[in-house]
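User: I have a protein model to look at and would like to go through it step by step. Could we begin with how the strands are arranged?
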Amino acid sequence: VADAAVRLVKKIRQHYPRIVIMMNRGYEILPKVARDIDIVLGESVYADYNFKTKTYQLVPKTLYEKQVRWLKAAKTIAPDLKIFTLDYWRANDPQGIERIYRAQRRNGFDPYVATIKLQDVVPEPRAK
C-alpha cells in the first residue's frame, strides 16, 4: 500500500506540476515524497483528543519526539517543504493553547489548534 501511495503522489506531481499538494501525516512515505509535496500536516503532534475518556491530552512524549524528528527530517530532504501542525485542545484554556503554539513554533512549524469537532481554529493568544 505504501509503495502505491508513493507512486500516486509522484504521478500527481508529474501530471500537475503547479498544484499545491498537502499530505496529512503519511509519515511512512514522507521521506519518499517530501520533494513531491508542498505541505505536510502533522496532526496531533503535541496534543490530541481521547475519545474514550472524552478529554484533551498531551501526546506521549516519545511519540511527540518521533513525530517532530520525522517532520524535521522531511524538511532536511526538501528545504522548501512547509510543515503545518494541527493539535486539539479545549478552546477555554488559553494557557494550554499558548503552550501548544509556543512548542510548535519552537520546532519551526506553522501551528494551528482546534477543538476536536474542527468547527473552530483557536487563534494563537497574543503575547503579553
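Analyst: A definition is needed before the strands are discussed: two strands pair if DSSP finds at least two bridges between them. Please note also that this is a predicted model.

User: How many bridges pair strand 2 and strand 5, and in which sense, parallel or antiparallel?

Analyst: Strand 2 and strand 5 pair over five bridges, and the sense is parallel. Within this pairing, Leu41 has Phe84 of strand 5 as its bridge partner.

User: What about strand 1 and strand 2, how many bridges join them?

Analyst: Strand 1, residues 22–24, is joined to strand 2 by three bridges, and the two run parallel. Met22, for instance, has Ile39 in strand 2 as its bridge partner.

User: Is strand 2 largely enclosed or open, and why?

Analyst: Strand 2 covers residues 39–43, and four of its five residues are buried, so the rest of the structure largely encloses this strand.

User: Changing topic: which residues have the most contacts inside the largest nonpolar core?

Analyst: They are Leu30, Ile37 and Leu71, in a core of 38 residues. Among the elements that each supply at least two residues of this core are helix 1, helix 2, strand 2 and helix 4.

User: Where does Leu30 lie, and is it buried or exposed?

Analyst: Leu30 lies in helix 2, which comprises residues 30–33. Leu30 is buried, because its relative accessible area is 1%, and buried means under 20%.

User: Which residues is Leu30 in contact with, leaving aside its neighbours within four places in sequence?

Analyst: With those neighbours left aside, Leu30 is in contact with Met23, Ile37, Val40, Trp70, Leu71 and Ala74.

User: Now helix 4, please. Which of its residues are buried?

Analyst: The buried residues of helix 4 are Gly96, Ile97, Ile100, Tyr101, Ala103 and Gln104. Viewed down the helix axis, these buried residues fall within an arc of 165°, so they line one face of helix 4.

User: Why would residues three or four places apart point the same way?

Analyst: An α-helix has 3.6 residues a turn, so residues at that spacing point the same way.

User: What covers the buried residues of helix 4, and which residues are exposed on the other side?

Analyst: The covering elements include helix 3, strand 3, strand 5, strand 6 and strand 7. On the other side of helix 4, Gln95 and Arg106 are exposed.

Conventions. Residues are numbered from 1 along each chain as its sequence is written. This is a predicted model: local features need pLDDT of at least 70, side-chain atom pairs count only at pLDDT 80 or more; totals for chains, interfaces and linings use all residues. Side-chain values use heavy atoms; hydrogens and water are left out. Buried means under 20% relative accessible area, exposed over 50%, partly exposed in between (1.4 Å probe, protein chains only). The arc is that of the directions from the helix axis to the C-beta atoms. Contact means heavy atoms within 4.5 Å. A nonpolar core is a set of buried Ala, Val, Leu, Ile, Met, Phe, Trp, Tyr and Cys residues joined through side-chain atoms within 4.5 Å.
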